[in-house]
Amino acid sequence: MVRRMINSPLTILGLVLVLLIIITAIFAPVIATHNPTEVNLLSKLEGPSGEHFFGTDEVGRDIFSRIVYGTRISLKIGLLVVLISFPIGTILGAIAGYIGGRIDQIIMRATDIFLSFPGIILAMSIAAALGPSIENVLLALAATWWPWYTRIVRSSVLSLKNSEFIEASRALGANPFRILFKEVIPNAIAPASIQASLDLGFVILAAAGLSFIGLGAQPPSPEWGAMLSSSREIIRDAWWAATFPGIAILITVLGFNLMGDGLRDVLDPKQR
Amino acid sequence: MPLLEVNNLKQHFISKKGFLSEKRVVKAVDGVSLKVEKGKTLGVVGESGCGKSSLGRSILRLVQPTEGSVKFQGKEVTDLNALEMKKLRREMQIVFQDPYASLNPRSTIREILEAPLKIHNVGNKKERKKVIEELVERIGIRKDQLNNYPHEFSGGQRQRIGIARALALNPKLIVADEPVSALDVSVQSQVLNLMLELQQEMDLSYLFISHDLSVVQHISDQVAVMYLGKIVEFGDVERIYNHPMHPYTQALLSALPIPDPKQKRERIILEGDLPSPINPPSGCPFHTRCPFATKECKEVVPALEEKTDNHFAACIHI
């Protein structure tokens with residue numbers, strides 16, 4: 001498995017990028033050269049230089065340091081959204097697939113309703129209704145993401161639930177709860193967890209999008225989407241203020257996607 | 001009192017293709033009666049699709065029987081509530097056909113064998129450990145292999161683990177659903193002999209389902225021959241194998257190879273396929289393929305009757 005992963009240069013690139021992002025987030029105070037929220041009007045809109053690697057923004061904050069600290073916010077949102085929506089989606093999907101009947105109908109029609117909206121629109125309306133803040137972006141994205149896991153897990157459970165080892169468990173007198181958590185879910189979770197690793201990148205992108213339109217992180221906070229948003233008006237004078245946060249988003253999403261694709265190829269030979 | 005007594009058991013499945021087409025009923029088991037005595041083995045033989053496996057599952061209530069009665073130690077099983085059923089599951093267990101599908105690939109052998117004990121709250125952690133170690137020793141798997149996963153074992157070893165799981169709760173009856181048909185012949189005899197030894201030691205009764213006539217002959221005390229969801233012949237193993245009465249049994253046995261090149265034998269070759277259990281033939285279910293069928297066979301449903309001493313057959317011409 002490890003060898004197959006090493007054989008794919010794109011997967012390696014993905015892993016390296018993800019590792020880089022994680023290290024940046026952890027050691028942000030060490031890596032950053034300035035305080036990310038410190039305003040210095042004397043050095044506003046300076047281009048990239050030895051003092052300010054990525055230049056400064058309209059109030060003189062160091063863009064490099066802001067991007068470094070922004071990694072923490074983006075990674076936190078990505079991880080938390082997946083950590084909230086993945087278990088919820090998995091459990092609902094397993095219940096729907098294993099029990100079937102009316103319960104299956106109810107759960108799956110609920111996912112249909114959620115999936116019938118474009119994800120970002122639904123997240124926008126939820127975030128707008130709850131009020132703009134990072135926490136609400138988290139909730140809004142988690143609420144739009146779980147149905148995907150429900151669908152994936154349900155379909156793997158359907159192919160599993162008539163296996164002999166599940167029947168053996170029933171013959172032993174195990175209750176449905178035990179069967180679900182000890183037998184069904186551990187065997188149905190692999191495809192959904194690959195999806196989850198892919199989704200980390202998309203969640204970060206969606207969160208940046210919400211912040212860009214003003215529904216997420218609020219201005220002084222060094223969030224990449226918010227940084228892009230505030231650099232719109234000065235883009236003609238200071239290309240660096242928009243370019244570097246954009247590149248940060250690009251690299252992060254690309255890293256998680258390459259890693260997720262690589263994982264899928266390694267864990268699921270059928271997809272190749 | 002027999003350990004297990006099944007009376008007129010029916011297992012019908014409803015198959016519906018598309019919402020406009022009419023419902024069709026698959027009569028997988030259609031009025032089966034049988035008895036398993038304590039410490040004995042009843043072999044059930046028949047070709048694929050005759051309802052042998054459905055019979056086993058319906059006796060254990062892994063699927064709810066449509067009709068009929070199953071009595072275990074004189075107690076009706078089919079209408080027990082969930083709690084009573086769980087208690088009863090300690091007494092009757094199942095061994096499956098495919099040792100590759102019957103063990104959870106993500107559990108270690110220890111977890112697999114501990115599951116029955118945990119489900120029924122047997123002992124504390126230490127006592128359970130002892131039970132598990134005795135079990136694996138009994139089936140010839142080393143203690144240090146307990147933390148391995150099923151894929152690290154061969155088919156025969158896996159099947160022995162499946163047997164150990166079924167035995168963990170000291171059951172009285174084991175439904176063995178084609179337990180050796182997925183194994184190599186050399187491994188088959190190993191597993192069969194283990195089952196015979198365990199039967200002696202633990203006073204087990206088996207309902208042994210198989211399509212393999214020689215295997216059934218080897219292990220059974222009594223044999224029931226199934227055709228299209230019905231038992232067509234039933235009796236002691238020697239009588240069935242030496243003096244088969246029903247034309248279907250005779251045809252089956254004529255296909256058994258005899259390890260003697262000089263001995264001549266008459267091969268009865270059946271024409272056609274097993275009729276569909278959705279639309280079974282009228283009268284005797286076997287009349288479409290029976291070499292001795294008469295007009296009467298199409299009309300009269302033959303009952304399973306005692307033809308000679310303890311030897312039952314369902315045929316109007318005997």
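Does B:Asp177 count as buried or exposed, and at what relative accessibility? At 4% relative accessibility, B:Asp177 counts as buried, the term buried being applied under 20% relative accessible area, exposed over 50%, and partly exposed in between (1.4 Å probe, protein chains only).

The model is predicted; local features need pLDDT of at least 70, side-chain atom pairs count only at pLDDT 80 or more, and totals for chains, interfaces and linings use all residues. Residues are numbered from 1 along each chain as its sequence is written, chains are lettered from A and ligands numbered from 1 in the order in which they are written, and side-chain values use heavy atoms, with hydrogens and water left out.

Chain A contains 12 helices and zero strands, where helices (H or I, at least four residues) and strands (E, at least two) are DSSP runs numbered from the N terminus. The C-alpha atoms of this chain fill a box of roughly 75 × 45 × 30 Å along the principal axes. Of the 272 residues in chain A, 49% are buried. Among contacts in chain A with a separation of 6 or more, 71% come from residues 24 or more positions apart; a contact means heavy atoms within 4.5 Å. Chain A carries 20 positive and 19 negative side chains, and the centres of the two sets lie 10 Å apart. Lys and Arg count as positive and Asp and Glu as negative, whereas His and the chain ends are not counted; the place of a charge is taken as NZ of Lys, CZ of Arg, CG of Asp or CD of Glu.

Over all chains, the structure holds 21 salt bridges, each defined as a side-chain nitrogen of Lys or Arg within 4 Å of a carboxyl oxygen of Asp or Glu. One of them joins B:Asp177 to B:Arg57, with the closest N and O atoms 2.7 Å apart. B:Asp177 lies in strand β7 (residues 173–177) of chain B and B:Arg57 in helix α1 of chain B, so the pair ties together parts that are 120 residues apart in sequence. B:Arg57 also counts as buried, at 15% relative accessibility.

A salt bridge between B:Glu197 and B:Arg138 has an N to O distance of 3.3 Å. This pair links distant parts of the chain, 59 residues apart, with B:Glu197 in helix α6 (residues 185–202) and B:Arg138 in helix α4 (residues 125–138) of chain B. B:Glu197 is partly exposed at 40% relative accessibility, and B:Arg138 is partly exposed with a relative accessible area of 27%. In the salt bridge of B:Glu305 with B:Lys307, the closest N and O atoms are 3.1 Å apart. B:Glu305 is partly exposed at 41% relative accessibility, as is B:Lys307 at 23%. In chain A, salt bridges that share partners join A:Asp57, A:Arg61 and A:Arg66 into one network.

B:Arg61, in the loop between α1 (52–59) and β4 (67–72) of chain B, is buried yet has no salt bridge. The nearest side chain of opposite charge, B:Asp79, is 6.3 Å away. The side chain of B:Arg61 reaches the backbone oxygen of B:Val77 at 3.0 Å. Not counting residues up to four places away in sequence, B:Arg61 touches B:Val77, B:Thr78, B:Asp79, B:Leu80, B:Met85 and B:Arg89.

Conventions
Polar contact = N/O pair within 3.5 Å; in protein donor to acceptor, adjacent residues only side chain to side chain.
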